[in-house]
Amino acid sequence: MPAIRDPNTLSNYNHFLTTHTVVRLAVNFDGRKISGDVVLKLKSITDAASKEIVLDTSYLAVEDVAVEGRNSKWRLSSRSEPYGSALRITLDEGVDNGATLNVKISIATTEECTALGWMTPAQARSEHPYMYTQCQAIHARSIFPCQDTPDVKSTFEFYITSPLPVIASGLPTDTQEVQPEHGASTGTKLYKFVQDIPIPSYLFAFASGDIEKARIGPRSLVATGPKELAAAKWELEESMENFMQTIENIVFPYAWEQYNVLILPPSFPYGGMENPVYTYATPTIISGDRENVDVIAHELSHSYSGNLVSCCSWEHFWLNEGWTTYLERRIQAALHGEPHRDFSAIIGWTALQDSVTQFGETHEFTKLIIDLTGKDPDDAFSSIPYEKGYTFLSYLEGQLGKDRWNRFIPHYFTTFARRSLDSYEFKANLLSFFESDPIASGALNKVDWDAWFYKPGLPPKPNFDTSLVDVCYELSSKWENMGSEKFEPKAQDVRGWAADQIVVFLDNVQKFAQKLDKSKTQLMRSVYGLTDSGNAEVLARYYMVALKAKDDSVYEPTAKLLGNVGRMKFVRPLYRLLSEADRSLAVETFEKNRDFYHPICRGLVEKDLFDVGKKT
Ligand code: BES
Ligand code: ZN
């Protein structure tokens with residue numbers, strides 16, 4: 001019997017494996033609920049002839065279960081936090097190894113569903129309501145019963161009924177008018193999609209709203225609200241196909257046929273989410289300057305690391321995000337030159353330092369491989385798997401030399417395509433690839449695998465190429481030493497700078513921002529036009545600097561931003577700092593915008609604001 005490698009699922013996936021999933025769901029905007037049924041094709045994988053199927057569910061109303069067309073005995077266990085309620089289905093007889101069963105389950109989501117964002121027309125900035133799913137890490141179980149682990153991959157058929165257009169993480173095959181049932185809105189259609197490449201449950205996704213599409217490349221569309229379409233197209237069309245061809249040269253041809261981007265309403269809690277066929281992205285990347293398209297290079301890279309080759313549990317999440325950050329930066333280097341790779345890595349290193357400081361340098365979650373037994377993977381989320389993972393892969397590249405390492409990349413993605421793996425399989429694959437190459441083996445012998453995998457805190461700091469950031473460092477030290485050295489800030493200090501250079505400058509200023517007084521932060525703002533920026537990375541960082549300096553002129557604008565953006569990367573640190581500066585405004589802002597946020601964001605900010613000290 002294969003072992004269960006994922007501690008964050010209640011399913012018995014060591015007895016049965018989902019090989020195909022058919023989902024029939026109707027979107028009910030008025031009732032804010034999804035209902036319908038799912039058919040899981042489950043294959044027995046043990047000689048133990050198990051008589052029980054255990055599936056993950058969370059805050060889900062289960063109405064009916066049929067095995068091979070016959071009603072069967074089932075019960076929902078009581079909730080076990082943070083994993084939900086196991087759905088236990090009893091079989092009349094055991095199933096032979098290799099045999100399959102079709103299990104059909106009728107369900108409806110509930111108000112507590114953690115995977116669905118529902119927006120009023122006003123929140124969607126539209127005349128229509130909007131809804132979207134967000135399943136990573138363990139929220140798919142809140143939409144349909146499944147083996148909610150990245151260690152299990154299934155092909156999918158989607159049949160989604162909605163009064164508004166639908167996109168999904170499968171290729172569209174057909175759309176049909178449906179006769180409105182009693183109470184259903186007119187204009188309701190059935191949207192069909194298929195996903196023939198097996199995917200883990202966390203990549204199941206669909207969204208519905210007043211969505212229109214425009215072409216941004218030969219294999220790519222962007223989808224967003226009709227008013228936002230032209231700007232979204234302009235932002236992405238220049239880079240889309242270049243990104244695709246670049247990564248195809250690094251790894252191998254793109255496997256998913258289409259690569260499309262859905263721009264979500266502002267409450268979307270992430271920068272991007274790599275749903276196959278349709279990457280989801282925050283509207284903050286449509287900044288009018290094409291300066292945030294790296295998010296798309298990142299999500300596109302997940303088409304290889306994460307979507308084709310997946311970590312087998314969230315304990316090995318770095319295999320998804322570290323590899324993706326690595327590939328994203330290789331795209332940047334190939335398109336804009338090597339210094340751009342380190343430019344981005346330097347920003348990443350600062351984020352890594354911040355995460356280590358936030359958790360504490362001996363914290364479990366600062367390791368590359370983490371122990372998530374009994375834990376919620378959302379609580380472990382930070383820059384560490386991204387940046388420690390990136391640093392590790394870059395270190396391996398340096399040890400082996402670029403030519404050897406470049407040959408390993410397609411080998412790794414070919415070996416594990418359509419599968420899930422842990423860090424030990426990654427290590428074994430690397431060692432065996434270079435087995436008969438004495439120079440490479442010698443280099444790999446020197447790698448301290450245990451330290452990289454299990455040592456908490458920062459890894460050794462790489463030698464970065466600082467050619468693009470030296471000017472940013474110089475400027476920030478002028479601000480730091482303003483009291484003792486003469487310095488008159490001028491607009492030309494930052495003239496011609498890329499937004500990321502301002503980001504590096506502000507990241508540095510943040511380190512001494514506590515010592516600044518508000519006349520300085522206000523001067524910085526007016527001279528450099530920092531709040532004129534349509535770039536959320538710049539704006540959020542400026543507010544963080546000013547909040548640290550207790551500059552009360554930014555308290556209200558910060559509160560306003562917190563009512564307009566739901567991306568956690570900005571929302572969580574801004575709440576933390578606003579709460580330190582003006583606790584009652586922070587609490588009041590959160591209460592006012594509670595419904596605007598996605599449930600995952602709402603839950604985490606709530607923890608940040610009200611459970612301090614109770615952190616994992
Ligand atoms: N897969 C992640 C987002 C995610 C992680 C969602 C964990 C839920 C749980 C996505 O690929 C990502 O890394 N997004 C980043 C983008 C960035 C690194 C360019 C983000 O949201 O900031
Ligand atoms: Zn990612």
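Trainee: Is histidine 298 buried or exposed?

Mentor: This is a predicted model, in which local features need pLDDT of at least 70, side-chain atom pairs count only at pLDDT 80 or more, and totals for chains, interfaces and linings use all residues. Residues are numbered from 1 along each chain as its sequence is written, chains are lettered from A and ligands numbered from 1 in the order in which they are written, and side-chain values use heavy atoms, with hydrogens and water left out. Buried means under 20% relative accessible area, exposed over 50%, and partly exposed in between, with a 1.4 Å probe and protein chains only. Because its relative accessible area is 9%, histidine 298 is buried.

Trainee: Which protein atoms are the donors of the zinc ion (ligand 2)?

Mentor: Donors are N, O and S atoms within 2.8 Å of the metal (3.2 Å for Na, K and Ca), and water is not among the atoms, so sites may look incomplete. The protein donors of this zinc ion lie 2.0 to 2.8 Å from it, and they are His298 (NE2), His302 (NE2), Glu321 (OE) and Glu321 (OE).

Trainee: How are the donor residues of the zinc ion (ligand 2) spaced in sequence?

Mentor: Histidine 302, one of these donor residues, counts as buried at 1% relative accessibility. Written as a pattern along the sequence, the spacing of the donor residues is H-x3-H-x18-E.

Trainee: Which side chain has an N or O atom 2.6 Å from an oxygen atom of ligand 1?

Mentor: A polar contact is a pair of N or O atoms within 3.5 Å; within protein, one must be able to donate a hydrogen and the other to accept it, and residues adjacent in sequence count only if both atoms are side-chain atoms. Glutamate 321 places a polar side-chain atom 3.0 Å from a nitrogen atom of ligand 1. The side chain at 2.6 Å from the ligand oxygen belongs to tyrosine 386.
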